[in-house]
Amino acid sequence: VARGDFQTGTLALETSMQWSVVVDDIRREPGITLMALAGGQFPEYVAVDHEGYVVWHYVDRTGRASGLGNIIRRLPDGTLLLRGATDMRVVDTWGRTLRRYPESSALGLPFHHDAVFVPDGNLLVLSAERRQIFAFELGGNVNVLADTVLELDTTGGLVRRWHAFDALDGSRFPGPMSRQDLGIGFDWSHTNAIHY
């Protein structure tokens, strides 16, 4: 691996969100912290070192992400798994895309919140589906969003799909979040993470 110093241009963040890094000398750990930024037009990510300086920046200017939750995760080989505007992708530290896992209507609603690789190289990613169900406490037939976990092979092809609707009791709305109407349906299962 070649090592050396180089100077970049001015960091031009796309986000409209005000953010800062506060360094706590007592609790800080050495290394790099990856962050997904919100509030911009495009999916955007930064990495800061243990002093709080931005040492890496990535933005996908192909469009606004259609689902919730920008995802970034460092992989064991040093590459990064992140959410692009319409896909999950693996990029190297230079920002070059090495693999893409495109969203499609055949897979359901857009990807959201989390994705992890499993030992055989396949990718598990959160998505969702919408169904109309009868919910007495919500006044009758309503559109409901429930999570799915998609297993995608290395080419982005669907291997299998897990449906929250098939595993959980659709007649129960256990808390205020499950009764939140997002305009396209009630936010019934609201999964944020995958643990393999």
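## Ground rules

This is a predicted model, so to read it: local features need pLDDT of at least 70, side-chain atom pairs count only at pLDDT 80 or more, and totals for chains, interfaces and linings use all residues. Residues are numbered from 1 along each chain as its sequence is written, and side-chain values use heavy atoms, with hydrogens and water left out.

## The chain as a whole

The chain holds one helix and 12 strands. Both are DSSP runs numbered from the N terminus: helices are H or I with at least four residues, strands are E with at least two. Reading from the N terminus, the order is β-β-β-β-β-β-β-β-β-β-β-α-β.

Along the principal axes, the C-alpha atoms fill a box of roughly 65 × 35 × 35 Å. Of the 196 residues, 39% are buried; that label means under 20% relative accessible area, with exposed over 50% and partly exposed in between (1.4 Å probe, protein chains only). As for contacts (heavy atoms within 4.5 Å), take those with a separation of 6 or more: 43% of them come from residues 24 or more positions apart. The accessible surface of the chain is about 11900 Å², and carbon and sulfur atoms own 51% of that. Areas like this come from the Shrake-Rupley method with a 1.4 Å probe, and for residues only the protein chains shown count as cover.

## A three-stranded sheet

Strands β1, β2 and β3 make an open sheet in the order β1-β2-β3, paired antiparallel. β1 (33–37) and β3 are the edge strands, each with a single partner, so one side of each has no neighbour in the sheet. The twist averages 20° from one strand to the next; axes here are lines fitted to C-alpha atoms (for helices over the stretch in contact), with angles from 0 to 180 degrees between N-to-C directions.

Pairing takes at least two DSSP bridges between two strands. β1 and β2 are joined by five bridges, and L34 sits opposite A47 in β2. Strand β2 (residues 44–48) also pairs with β3 (residues 54–59) over five bridges, with V46 across from H57. β2 and β3 form a hairpin with five residues between them, and G52 in that turn has a positive phi of about 95°.

## A greasy spot on the surface

I32, Y53 and V55 form a nonpolar surface patch with about 330 Å² of accessible area together. Patch residues have over 30% relative accessible area and no salt bridge; like charges are joined within 9 Å, nonpolar side chains (Val, Leu, Ile, Met, Phe, Trp, Tyr) within 5 Å. A salt bridge, in turn, is a side-chain nitrogen of Lys or Arg within 4 Å of a carboxyl oxygen of Asp or Glu.

I32 lies in the segment before β1 and counts as exposed because its relative accessibility is 51%.
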